[in-house]
Amino acid sequence: MHAHFFIYSFLHTFPLFIPSKSPSSFKPSLSLSLSLLIVNLIMGFLFLFSMILLAFRTTHGLKGGWQKAHATFYGGEDASGTMGGACGYGNLYSDGYGTNTAALSTALFNNGLSCGSCFQLRCIDDPKWCIHGVITITATNYCPPNYALANDNGGWCNPPLRHFDLSQPAFLKIAQYRAGIVPVAYRRVPCIKKGGMRFTINGHSYFNLVLITNVGGAGDIHGVSIKGSKTGWQTMTRNWGQNWQSNSYLDGQSLSFRVTASNGRVVTSYHVVPSGWKFGQTFQGGQF
């Protein structure tokens, strides 16, 4: 309800609080003055609350944390064309992401830091093409801008547009194939993953490139540290996507990882990689 409705109801429920005499003959009592003060405070609070509510709706577009965007699809009916991509996940089937995935536009991708984050999507405002239902997807790729096309005619991923290029199987859960592009509502949600985080060690001596997948909770990683059995904790740098780099010589050492998610939560996986590890192997650690 709007603030004006509450004010109207309050004043008509308690009319004795409003002076009925002319200003020259009216002499307010202490209780009446306090009553008028309370009314003014309530009116001020309700006005402030209505302004905050209006600002929230203007910023977010929809109630309940939902925001507006658009969605298209790519990758074919089996989603084979979605494998690999700018997050570095490679085979999305074996990495546990399946076909409920999306490439994010620049406005959402955050230069790769959003890789692994999870969103709920539903089709809205297009009854001809929308299918009722909500899907949960994981960000696994980047949808690059196409400045040769207008934002409303093919340049769907151009800044500042918020856009999800879904795998075809995911898109068909919320819209019909012939729609091509549909308006959607989206919101961030926690990622639900089976098992622990996975650490795949690539690279070579003095260049350890660790891909971290199957991350629950916030899903997107904003910081990683590594510790060898003969070293202290060392901060890793993000190379690209969710590939994290260390230039230390760690061959022959058991390895531990400390992972910080975007929400600030930290999980430390001690000695998850045995000393006899080889490049190209994957190991499972803790989970959010």
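Biologist: Which element gives the most residues to the lining of the second largest pocket?

Modeller: In this predicted model, the second largest pocket holds about 160 Å³ of space. Both α3 (106-109) and β6 (182-189) supply at least two residues of its lining. With 3 residues, the element that gives the most is β6.

Biologist: How many charged residues does the lining of the second largest pocket have?

Modeller: The residues that line the second largest pocket include Gln67, Phe119, Arg162, Arg187 and Arg188. By class, 4 residues of this lining are nonpolar and 3 are polar. The number of charged residues is 3.

Biologist: Is the disulfide of Cys118 and Cys191 right-handed or left-handed?

Modeller: The sulfur atoms of Cys118 and Cys191 lie 2.0 Å apart, and a disulfide joins the two residues. Cys118 belongs to strand β3 (residues 118-123), whereas Cys191 sits in the loop between β6 and β7 (198-204), 73 residues apart. Because the torsion about the S-S bond is about 120 degrees, the disulfide of Cys118 and Cys191 is right-handed.

Biologist: Are Cys143 and Cys157 buried or exposed?

Modeller: A disulfide joins Cys143 to Cys157, with an S to S distance of 1.9 Å. Cys143 and Cys157 are both in the loop between β4 (135-142) and β5 (163-167), so the link ties together parts 14 residues apart in sequence. As to accessibility, Cys143 and Cys157 are both buried.

Biologist: What is the pairing of the bonded cysteines, numbered in sequence order?

Modeller: The count comes to 4 disulfides. One of them joins Cys123 to Cys130, and this link is left-handed, with -65 degrees about the S-S bond. In sequence order, the pairing is 1-2, 3-8, 4-5, 6-7.

Key: Residues numbered from 1 in each chain as written. Predicted model: local features only at pLDDT ≥ 70, side-chain atom pairs only at ≥ 80, totals over all residues. Heavy atoms only, no water. 1 Å grid on protein atoms, 1.4 Å probe; cavity = no way out; pocket = protein on both sides within 12 Å on 5 of 7 lines; lining within 4 Å. Points joined across faces, edges and corners; volume = space filled by probe spheres on them. Helix = DSSP H or I, 4+ residues; strand = E, 2+ residues; numbered from the N terminus. Nonpolar A, V, L, I, M, F, W, Y, C, P; charged D, E, K, R; others polar. Disulfide = S-S within 2.5 Å. Buried < 20%, exposed > 50% of the residue type's maximum accessible area, 1.4 Å probe, protein only.
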